[in-house]
Amino acid sequence: MPNKSNNKMRNFFTNLTVINRADQIRAEYGIISPDLIRSITFNKVLVDRKTTTLCLPRDAIAQLGLKLFKEVDVATAMGIGKARIFRDASISLFGREGTFECLELAASGDPLLGVIPLDFLGLEIDLKNQTLKPLPMSPTESYLTIL
């Protein structure tokens with residue numbers, strides 16, 4: 001019989017800031033004022049080891065002004081379905097930033113943070129303490145590898 005306390009430790013929540021990277025670029029070139037860069041800070045994003053990528057609710061994607069990239073087939077708890085992928089979602093966690101595609105959720109869905117952004121940013125899931133742990137990134141040690 002599975003241990004229920006271990007099941008509760010599979011997922012946990014974190015804070016996450018999402019920024020429209022295209023807005024950042026326009027601001028860098030002086031096309032728009034930096035105060036017009038669209039961003040959202042989520043106070044409760046589910047860190048989900050079974051989710052591949054960043055997933056945001058439809059209304060958040062609209063508020064950020066992210067551009068549609070493509071429609072894809074996606075595996076969900078309900079089976080295979082269609083989903084839309086948007087681009088240029090820049091995220092910031094533990095002082096590390098990266099720009100990712102994001103999958104659109106229903107308007108009322110909760111944001112999800114999957115394994116691809118976590119791996120790219122060098123963030124390890126610490127299930128025991130239910131937190132994220134930054135992997136080393138210094139002149140003498142790096143989580144990034146080229147072998």
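This is a predicted model: local features need pLDDT of at least 70, side-chain atom pairs count only at pLDDT 80 or more; totals for chains, interfaces and linings use all residues.
Residues are numbered from 1 along each chain as its sequence is written, and side-chain values use heavy atoms, with hydrogens and water left out.

**View 1. Helix H2 and its buried residues.** H2 covers residues 21-28, and its buried residues are Asp23, Gln24 and Ala27. These residues sit on the same side of H2 because they span an arc of only 100° around the axis, taken from the directions from the helix axis to the C-beta atoms. They pack against strand S1 (12-20), helix H3 (58-64) and S5. After H2 comes Gly30, with a positive phi near 75°. Helices (H or I, at least four residues) and strands (E, at least two) are DSSP runs, numbered from the N terminus. Buried means under 20% relative accessible area, exposed over 50%, and partly exposed in between (1.4 Å probe, protein chains only).

**View 2. Ile80 in strand S5.** Ile80 belongs to S5, which runs over residues 79-93. Ile80 counts as exposed because its relative accessibility is 67%. Leaving aside residues up to four places away in sequence, Ile80 touches Asp73, Val74 and Ala75; contact means heavy atoms within 4.5 Å.

**View 3. Thr53 in a loop.** Look for Thr53 between strand S2 (39-47) and strand S3 (54-57). Not counting residues up to four places away in sequence, Thr53 touches several residues, including Leu103, Gly114 and Pro117.
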